[in-house]
Amino acid sequence: MSNLNDLKTRLKIAREKIKKSSKNEDNNRNSSSMGSAFKLSTDLVAHVAVGTIIGFILDNWFDTKPWLIIIFFFLGSIAGILNVIKTAKKMQEKE
Amino acid sequence: MATNPMHQFQVHRIGPEIKIIGIDLSFTNASLFMLLSATAICALLFLGTREKKIIPDKLQLISEMFYNFIAKMINDTAGSKAKPYFPFIFSLFMFVLFCNMLGMLPYSFTVTSHIIVTLLMAIFIFIAVTVIGFLKHGFGYLKLFVPSGVPTLLLPLITIIEIISYLSRPVSLSVRLFANMMAGHTMLKVFGGFVISLGMLGGWLPLGFSVALTGLEILVAFLQAYVFAILTCIYLNDALNLHH
């Protein structure tokens, strides 16, 4: 039993320590911000690529060779940039 | 051949060739390392939770840490509604993490550096999330593509853009993991090749780089597994709690 009581007091001290220092949270935020950096960079490229592929497929479908691929390339770029702005806004709201 | 930095990504057959209806189903080094990582995960979790002590030993501590980490992540990003999907996200995270980490061992094979593996996982997540969304909200799920508060003139344009960004989810999810793992391992091999070719005189500088890059790669291996899991949670959140 003494072992358990000892554990209880130790747990209490540890909990107070966690409450006091938000160092743990800071660490978490650091890794997740690096994660969102990876997310943003690939998202931008993926949006443009997917837009262009959709344009290419639709072009083959409707036989309007160069036009839809051009339009969808720009739409993809817009989507990518909008997505980055959205994510950045969300990150700012969190802080 | 050994100095070719892309040689490490080659898939080759282990054991006899197995062909079923013209499809090659032979056991390869990729399957070996998938099996190894699955076995390692099972071993860790079984051994860790075998004796449920109040004061945990090291293995129990590690497995409980993983459990808490994922449970907290799901709760923070997707809310309490996503609790039933915990087993899926947990196994997804563990599998990607262990594949990445096993790939860091010398002479091993990185399964996640092949786009077919990551794309398959990403497409599965994409289809699953879409099905869940339609099951929960019916055709109301299509509201995801029509954000509120947009002028009617711009609505068709915004809808097309939203559809493009929805379709680009599996692409960005798979390409991120695959490109990071492949680029990192190629770079490690290139610097390793410099050490050999520069010899005793100039080989020390690339050797130092190699050591630093190994540390970075271990960080990236963990981070990519984390990003993969957290993005799955975010997509799940979109499907479960529809609000725009």
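Me: What pattern does chain B follow, read along the sequence?
Reply: This is a predicted model, in which local features need pLDDT of at least 70, side-chain atom pairs count only at pLDDT 80 or more, and totals for chains, interfaces and linings use all residues. Residues are numbered from 1 along each chain as its sequence is written, and chains are lettered from A and ligands numbered from 1 in the order in which they are written. Helices (H or I, at least four residues) and strands (E, at least two) are DSSP runs, numbered from the N terminus. Chain B has six helices and two strands, and its pattern is β-β-α-α-α-α-α-α.

Me: Which pattern does chain A follow?
Reply: Chain A has three helices and zero strands. Its pattern, read along the sequence, is α-α-α.

Me: What percentage of the 244 residues in chain B is buried?
Reply: A residue is buried if 20 or more other C-beta atoms lie within 10 Å of its own, exposed if 12 or fewer, and partly exposed in between, with C-beta atoms placed from the backbone. The C-alpha trace of chain B spans about 70 × 55 × 45 Å along its principal axes. In chain A, with 95 residues, the buried share is 18%. In chain B, it is 28%.

Me: Which element gives the largest share of the side of chain A that touches chain B?
Reply: Two residues are in contact if their C-beta atoms, placed from the backbone, lie within 7 Å. On that basis 20 residues of chain A meet 17 residues of chain B. Helix H2 (23-62) and helix H3 (65-94) of chain A are the elements giving two or more residues to this side. The largest share, 13 residues, comes from H2(A).

Me: How far does helix H2 of chain B reach from its first C-alpha to its last?
Reply: The helix covers residues 58-78, 21 residues in total. The expected span is 1.5 Å times one less than the number of residues. That expectation is 30 Å, and the helix comes close to it, reaching 30 Å.

Me: Within what arc do the buried residues of H2(B) fall?
Reply: Ile70(B), Met73(B), Ile74(B) and Ala78(B) are buried in H2(B). The arc is that of the directions from the helix axis to the C-beta atoms. Seen down the axis, the buried residues line one face, because they fall within an arc of 100 degrees.

Me: Which exposed residues does the face of H2(B) turned away from its buried side carry?
Reply: On the buried side, the cover includes helix H3 (86-103) and helix H6 (204-240) of chain B. The face turned away carries Lys58(B), Met65(B), Asn68(B), Lys72(B) and Asp76(B).

Me: Is Pro87(B) buried or exposed?
Reply: Pro87(B) sits in helix H3 of chain B. It has 9 other C-beta atoms within 10 Å, so Pro87(B) is exposed.
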